[in-house]
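Hi,

Here is the structure I promised to pass on. Have a look at it first, and then read my notes below.

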Amino acid sequence: MDVSDGASITQKLPPERSRFGRLLDNERLLASLMIAPAILYIGVMVGFPFSLAILYSLSDATTGNQTLHFVGLRNYIDVLGDPVFRKSLLNTFFFSLCSQALVLVLSKILALALVRNFRGKRLVRFLILLPWTAPISLGTIGWLWMLDSIFSPFDWILRKMGLLGAPDALFGPLSNLYWLGEPSLAMLSVILVHTWRMLPLATVILLAGLTSIPHEILEAAEIDGAGFWRRLFRITIPLMLPIMTIALLFGIVFTFTDMTVVYVLTRGGPVHSTQVLSSWAFFKGIEGGDLAQGAAVAVFLFPMLAGVAALMLKLAHRTEVA
Amino acid sequence: MAQVETKGLTKLFGGVNAVDNIDLMTQEGEFLVLLGPSGCGKTTLLRMIAGLEEPTSGEVLIGGRVVTNQPPRVRNIAMVFQSYALYPHMTVFKNIAFPLQTRGMKKDDVRKKVEWAAGMFGIGKLLDRKPRELSGGERQRVAIARAMVRNPSIFLLDEPLSNLDAKLRTSAREELQQFQKRVGITTLYVTHDQVEAMGLGDRIVVMNKGRVRQIGVPREVYQKPADTFVASFLGSPPMNLIEWGHLLMGFRPEHFLPVEVKASNAESNVVRFEFEVTWVEDLGSDRLVYGDIGHQCAHRHVISKIPANVGVFIEGGKTYSFAVAREDLRFFDRETGLHTDTTPL
């Protein structure tokens with residue numbers, strides 16, 4: 001190459017960038033800058049309250065006196081000895097497992113239905129997403145009215161069908177079922193409302209998973225002689241396992257930590273029969289004023305949820321198929 | 001083994017005839033290739049035969065039995081998809097075993113069958129791997145093994161070689177044909193690649209715009225195209241078509257050679273052209289010579305394909321004498337594009 005060629009190449013180089021421009025070209029700096037808001041958010045909104053809760057749970061703080069005296073694990077020992085806590089713990093598991101099982105089965109059915117083409121599909125999709133877009137408390141208040149002890153439309157329908165309010169009726173001779181007054185019915189109501197609440201998210205997640213399965217794979221299975229059930233259990237579900245795990249993980253974390261449904265519908269009653277850990281932590285720590293024990297109940301959830309999350313992510317990783 | 005027949009098979013997609021009234025009949029054990037450009041309806045036709053697409057009208061018969069409205073699984077067909085459609089979460093063994101398990105075969109028999117099929121396609125060592133751990137060629141073998149393992153009566157292939165690189169494609173083509181001849185299962189093979197069609201097919205069905213343009217053995221389709229579409233779709237470069245009075249005259253580039261080469265033919269058996277060469281392309285095995293003939297007619301741009309062993313020197317910007325043997329000339333109607341036996345020469 002001769003000298004004049006070299007000169008013409010240098011001339012074509014872009015002009016020298018400003019100092020700011022060069023700073024922006026530094027990918028490490030840019031990456032740190034971009035992730036900073038997220039870290040700041042997590043630190044302030046999650047990290048700080050979480051540390052405070054741990055601190056409180058090891059102290060004797062109350063809503064009236066927040067000076068911290070270290071008391072070791074006394075709060076935890078007290079909490080474990082409390083029958084309401086043990087009841088709440090069991091309820092939390094029962095409530096989460098039942099509602100998640102329901103959500104998983106129902107969302108799978110809904111996703112399978114919505115992946116097909118039919119008239120009014122957009123409207124149905126919109127309606128299914130609706131519970132997710134409304135504030136939880138608002139939706140739950142709607143349910144509170146529907147499950148009212150006197151004016152419940154469900155009771156009215158059952159009465160009209162002759163299943164309630166007559167001497168030989170299936171659901172008994174009383175004019176109402178008292179959905180939120182009867183311990184087992186109250187638990188059922190809380191589970192169903194929570195299922196209604198979680199269903200849209202799970203459906204959307206599963207729908208995304210379902211549409212990502214190549215059509216040809218299902219067609220190949222059809223040609224290989226597999227009917228609907230075999231295709232579902234041998235092809236669709238295994239292929240969707242990673243994304244179903246993610247949906248389940250979200251569901252479990254949401255259900256374990258949610259107190260709105262319980263708080264609005266039953267306030268943990270009747271007689272703590274629907275009390276869950278998060279609502280019990282709130283009643284104990286905020287309404288009861290015992291910040292330290294409330295914090296201990298709340299922090300109790302953490303190792304368990306962290307364990308669940310780690311397990312689920314590991315499972316999702318192992319079943320990854322792509 | 002069985003025959004496949006379609007009677008007036010039609011498929012409308014939003015008012016467009018993707019497949020338009022197709023009557024087709026395979027012979028027993030035949031390798032039939034459906035050839036046409038993208039969007040000509042060949043894959044839709046195959047999918048209707050497989051039962052994956054419901055025809056708008058018409059009938060599909062397999063082994064003489066009407067199966068038009070029956071699901072794929074009762075048709076006893078096997079299909080290899082363009083993407084192979086292997087089950088990504090299953091090992092190669094489970095992939096091949098799947099069609100056997102759906103028929104309720106016993107575990108021991110399944111194992112034997114899978115090992116037999118894997119041995120036949122040289123994939124015995126891959127049985128424990130997942131599809132993502134296989135190369136393109138290996139995936140293709142697994143897909144074919146999965147299709148063949150349960151002795152289907154019909155074998156459908158939808159461009160199974162198009163995802164392979166050129167070298168692998170040639171060897172896969174050879175293997176596929178030998179395998180098909182060995183098992184003798186009636187095979188329908190969809191491709192847009194004319195080389196594959198010519199090399200593999202016992203007969204070729206050339207399709208365009210949802211219709212069959214010609215059915216015949218490869219040589220016949222190539223030598224005696226039924227219309228100008230077939231003439232210009234097959235061959236690389238395609239047949240030269242020039243206006244000749246009220247007809248179109250066609251001849252293959254490899255038949256259009258310098259007169260020195262045609263000297264052995266008697267003068268009365270060849271037609272001579274003055275060929276103004278514009279551009280010569282040397283491809284190693286052949287030379288492609290581009291240029292114009294006959295000032296008087298339109299569409300006069302033609303190509304000549306001269307084998308490398310013909311040493312005649314040709315360069316751009318000069319005029320040479322070229323000739324075509326009369327027997328290699330084809331004539332087509334200018335209006336309909338259909339082949340005509342009228343020879344104006």
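**Where the chains meet**

Between the two chains, 16 residues of chain A are in contact with 17 residues of chain B. On the chain A side, two helices each supply at least two of the residues that touch chain B: H10 (215-223) and H11 (228-257). H10(A) gives the most to that side, with six residues. If you sort the side of chain A that touches chain B by class, you get ten nonpolar residues, five charged ones and one polar one. Do keep in mind that this is a predicted model.

**Domains of chain A**

Chain A is divided into domain 1, covering 1-57, and domain 2, covering 81-321. Taken over C-alpha atoms, the centres of these two domains of chain A are 42 Å apart. They do touch: four residues of domain 1 of chain A are in contact with six residues of domain 2 of chain A. The domain 1 side of that contact has three nonpolar residues, one polar residue and no charged ones.

**One residue to look at**

I also picked out A:Leu130, which sits in helix H6 of chain A (residues 121-133). Is A:Leu130 buried or exposed? It has 11 other C-beta atoms within 10 Å, and because 12 or fewer counts as exposed, A:Leu130 is exposed.

Cheers

Technical notes:
Residues numbered from 1 in each chain as written. Chains lettered and ligands numbered in written order. Predicted model: local features only at pLDDT ≥ 70, side-chain atom pairs only at ≥ 80, totals over all residues. Contact = placed C-beta atoms within 7 Å. Helix = DSSP H or I, 4+ residues; strand = E, 2+ residues; numbered from the N terminus. Nonpolar A, V, L, I, M, F, W, Y, C, P; charged D, E, K, R; others polar. Buried ≥ 20, exposed ≤ 12 C-beta atoms within 10 Å, placed from the backbone. Domains from an automatic or database assignment.
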